[in-house]
Amino acid sequence: MSEEGLKRSPKLRSSASFLPPWLKAALHSRRTIKTWIRCCVALASVLILMVSRKPSQTMGQAAFFCVIVSVMMPPTFALSVFIMAITTLLLGMLLGWAWGNAAMASALNVRSASLFAQQQAKVQHSLLPNVPAALQIQVATFHGAFLDPRSSAVYGVFLFIGSFALGAARAYLPNLALLSIFGTIVLDIICTTGPLLPQSDYTLAKLFILPASFYIAVAIASLILVFPESQSHVWLTALTDSFWAPTLDLLRLQSEALESRPSDYENWADLNTRGQKLRQSLVNATEAVITQLRLIGLDTSIGRLGPSDLKKINAELKSIMFRAAGLHSFQTFVNDVNSAEQREAQEVEARLKRGDQTPRTVDRFRVLQLKIRERELQHGHDLDSLVPILAAASANLRKSSESSVECLIDWLQDCNSNRWRGIFSRPTQEQIDQRHQKLVTELQNLTNALDEFRNVERVKLIRPYERFFDPVTRTLLKNQDLFASKSLYICFVFIDTLDGFSESIAKLLRIIVDIDSQRPHAKLWFPGRIAKVTTDLKDNITNGQFKGTQGVLAMGSPDDPASFDPPNGGLASSGSGSTFNDDDDDDDQDGDSETAHNQAEVEKEREKEREKEMLTEPPVRRNPDAFPPTTGFGRSYVKLASILRFFKSAQGVFALRVAFVSVALWIPAVCPSSAWFYYDNKGVWALIMAQTALAVYAGDQIAGFIIRLTGTLIGLVVGMCVWYIGAGLGHGNPYGIVIATTAFLAPLFFVRLSGPPVQVGLWTMASVTVVLIVGYSWINANFNPFGNPGVGVTLGWKRALLVIIGFTAAFIVMLFPTPLSSRVLVRKTLAAVIAESGNIIGGEIEAFLAEEERVRNGIYDQAPELGKDRLSMKERRVRRISGRVMAVSTRLRYIRPSLGTAKFEPQLSGTWPAEEYERLFTLQTRVLLSLALLVTSFAKLDEKWCSALVHRTPFMNPNFLSDVFTTITILSNSLMNGNPLPAYLPKLRDRLVYHEYHAGRQAQLTPFLRSIGSTQRVAASQSTGSSSSDLNKGQNASRGDTEHDEEVLLRTAGPAHVDGSSMGIELDELTLDILLDEQLPAHSTAVIAFSSLISRIDEMVDIVSTLCGQATFRGYENLQRDYMDREERALGGGLVVVDTDNRR
């Protein structure tokens, strides 16, 4: 039913309101409906093959396995990606087959001939005359009559090694989980059945390979015949729905925010929460969308856009994502101001309840914020006054940007629709011109609105401040009261981010206008160069970037949580990845010669060498116990030691656990007393469940237990219902089985396709259990195979028991040698993220310094003269740092589920502080937002303002930077190793003020600091119970400089400072022209981003102190107070800091 129908029907509307948002979106998604129908058609087709006698006899007694594969890997991908995924599955089965046959050949070679002769004679002697001999020999065989200990031992060794290797592959390469799982299943079948057989049977694997091949044929046919779609179509759909939809919502949210008053705390907090969700979904979608395009070289499609066109669009997505996410920073900073005001109001209320008139402690930063707020209210410069002006000034640009995004979505949807019709019914030239003119007009409107915003509308925000400047000289009036500008600079953040976002949209529109003029008609696109496709495929799989074959049982990230070191070292892996460095070759141009291609490769290598010289490598861990080896033997020993260390790693321990649990549950299959019981009750499924239930970390495994057990219970109930509905009390009606199974599994398919990723395992396990119950029951009832475990309820409880046995075995193995805690994973990952954030801060500071140095030395980029594809060094730095920011964001996205699964671990040693880790996780996302703002600001600042930021703001003070990096390193190491923080780790905000004074940039702060210090001494005297005479002395000292202190406080809260720190503009230099400078918004954004970083690091200090503790020693407070008194007396006496070069 349409959306209008829901609006007209109150009952339907009320019932739809109970649906979760993801289900509502799926019900209105045409692609989801089409994919669901295709999956249902494929499911019904393999069910028909299973119940049909001839295909079922061809597939064998495991014919139901084709249905299991159809629910584990439904045809939801594009054809090219599905072929790659199914090739991975088949490769895993072939590897298991090959290794199992090797085990069988080796086992037969060690089998004792004399023992076999004795066993054969014993069986012959026990044969009954009235029963077929072949049947009796078969029964004796599976009762273990021909078991040989030596042969069984060989099978056990091969099973151990094979399970270990496949488990290691599953741990290190989660994207190859299908290969590992299905290879293990085939190996299990051969190793549990092979020891019972006295002779070779190298075709045991066909028991599963044949049914899987039947499904592959059905799936490929469904992908071709039932709503076919190419990878290009899938990518464009994902781009529209997952990327542009949240981008448009985030842009519209800004308009909604600007229409509300910032002082409406609850409404603004709600808007900020919605913005955070949209920003996070946009960041996650960007990574997913970019990843999908990595295999576009394998695609065969019909349409207007080819692989090179999609790559050009794809190259701009991260830039747009950074700027779209930056739009939300304005709401975040305003919400920070509101939160601070709320905390202050709550503290005042708490003091009134206690009867206190003064705070127990005085925070100099809080005093400054109160003064800024008071001054802004006095002059009408608060956010409530400025936001309406900002809304009116940006209205036209926001409207044009929104219209441009909608135009982009319409153009992409037009390119993604009527692909086949475009081949046979080409549009007229008039239609082509109209389509192209619409893009050109939209680009022109956006460009005009952007120019008007920069030159006309933006100026309106400065008008409330014009009265503080001389109308002739445009300098600051001397006798006029100073104004505070914090709210203005926060508004500048919105101006800068909106400007950058609109500019990035205009840049993409230019690219699309060019593509539209080159691609007027649809055509057939074939895969690109095979060599390049193969290389990209290998890199995507080994680097953990290939998501196409990632199964529902894949496990997280293969990266070391404690390190961001690139696996191969070097610039390529530490930069932005292939997203920023892809060569957008025109794959449709067949005239490219091999010589030209080689020249391009040589030029690319030269660029890489130049980039290595200009860009500093990220820090790489070194061995503190040994220098790098210098001999061949030493290098060989280092490689051998790294192999041995693998067995101590989390992945190595996981692989060993898989191997041990495999052998443990395999032993009953080769014991004469239990061999028949194991085979008759299909004990191999307990072995398979134990192998698949294991996870690297305990929390993930326990959460997996809960999900799989829940899915098994749901599947048991549904499966038995399906069987008895389709079969009644008989052997089953094929038509009823197919219809009932498809009808009951269709909703599970739909929920799996459209539901959150965390629920995929649940519905997959439920579907697999339904198929096992129905499929096994059908085979057992109609073909009466050897070893019949029953049908319906009898089969169901046995299946549940096998699952429980497998999970119990996996749980026992998990406890030895020691469980790898998901809590430790979370802690170490967040510690590594803190360290990497420090490295990114260092990289961004290096970028500012390098740009300033290049300009100072007269070195300018000549990229435009070298060709359109050449990037300036500044742009290379921006893209490289952006890639590192995205790498941290990806690591946080990987660790997000573990924050939930860690709660399932037994809390024997105490309660896990989940709330503190949630706060730390949130702070890390805030840090990434500030880092992204710094990147975008750096890209826009010219040499003059870069120099001002480096030399005239306190943030680039080398001493302060040393404090920043030291604090980050201490936080990371403390959280990584669980060590307490050092005693009285200073706040970076206080260190910033301290270094700013001692650098000689703000001598007028001396009385201000002294007044704050005097107030702190008074508060300290109150808290330590000092005498009234000492207290009066402190109060009199504070009153002596009251007037001068107030003057200094007013200057510090003036327009040349942000949060008490210099903006890089001296008060005497501040003019109206500077406020109107188009570079000031970007400069203000960088300063506020730096200030936000400092605040977030200070907050992290408090959290890490709560988690890890902090050292302390007696007498420190008194010592600190004495030194503060001494320093203040020295400063008051006119002590001048001695410079080693120019002594004064």
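Biologist: Is C40 buried or exposed?
Modeller: C40 counts as buried, at 13% relative accessibility. Buried means under 20% relative accessible area, exposed over 50%, and partly exposed in between, with a 1.4 Å probe and protein chains only. Bear in mind this is a predicted model: local features need pLDDT of at least 70, side-chain atom pairs count only at pLDDT 80 or more, and totals for chains, interfaces and linings use all residues. Residues are numbered from 1 along each chain as its sequence is written, and side-chain values use heavy atoms, with hydrogens and water left out.

Biologist: And how many disulfides are there?
Modeller: Zero disulfides in the structure, where a disulfide is a pair of cysteine sulfur atoms within 2.5 Å. For C39, the nearest cysteine sulfur is that of C40, 6.9 Å away. C39 is buried too, with a relative accessible area of 1%.

Biologist: Switching topic, how many salt bridges does a search of the whole structure find?
Modeller: It finds 30, a salt bridge being a side-chain nitrogen of Lys or Arg within 4 Å of a carboxyl oxygen of Asp or Glu. One of them pairs R261 with D384, with the closest N and O atoms 3.0 Å apart. R261 sits in the loop between α13 (231-258) and α14 (265-292) and D384 in helix α18 (residues 383-415), so this pair ties together parts 123 residues apart in sequence. Helices here are DSSP runs of H or I, at least four residues, and strands are runs of E, at least two, numbered from the N terminus.

Biologist: What about D336 and R1096?
Modeller: Their side chains meet in a salt bridge at 3.9 Å, N to O. D336 is in helix α16 (residues 317-354) and R1096 in helix α45 (residues 1080-1108), so the pair links parts 760 residues apart in sequence. D336 is partly exposed at 23% relative accessible area, while R1096 is buried at 7%.

Biologist: OK, now F64. Where is it?
Modeller: F64 is in the loop between α5 (53-59) and α6 (65-72), and counts as buried at 1% relative accessibility.

Biologist: What does F64 touch?
Modeller: Not counting residues up to four places away in sequence, F64 touches M50, W685, V771, L772, G775, Y776 and I779, with contact meaning heavy atoms within 4.5 Å. The C-alpha atoms of F64 and L772 are separated by 7.2 Å, though the two are 708 residues apart along the chain.
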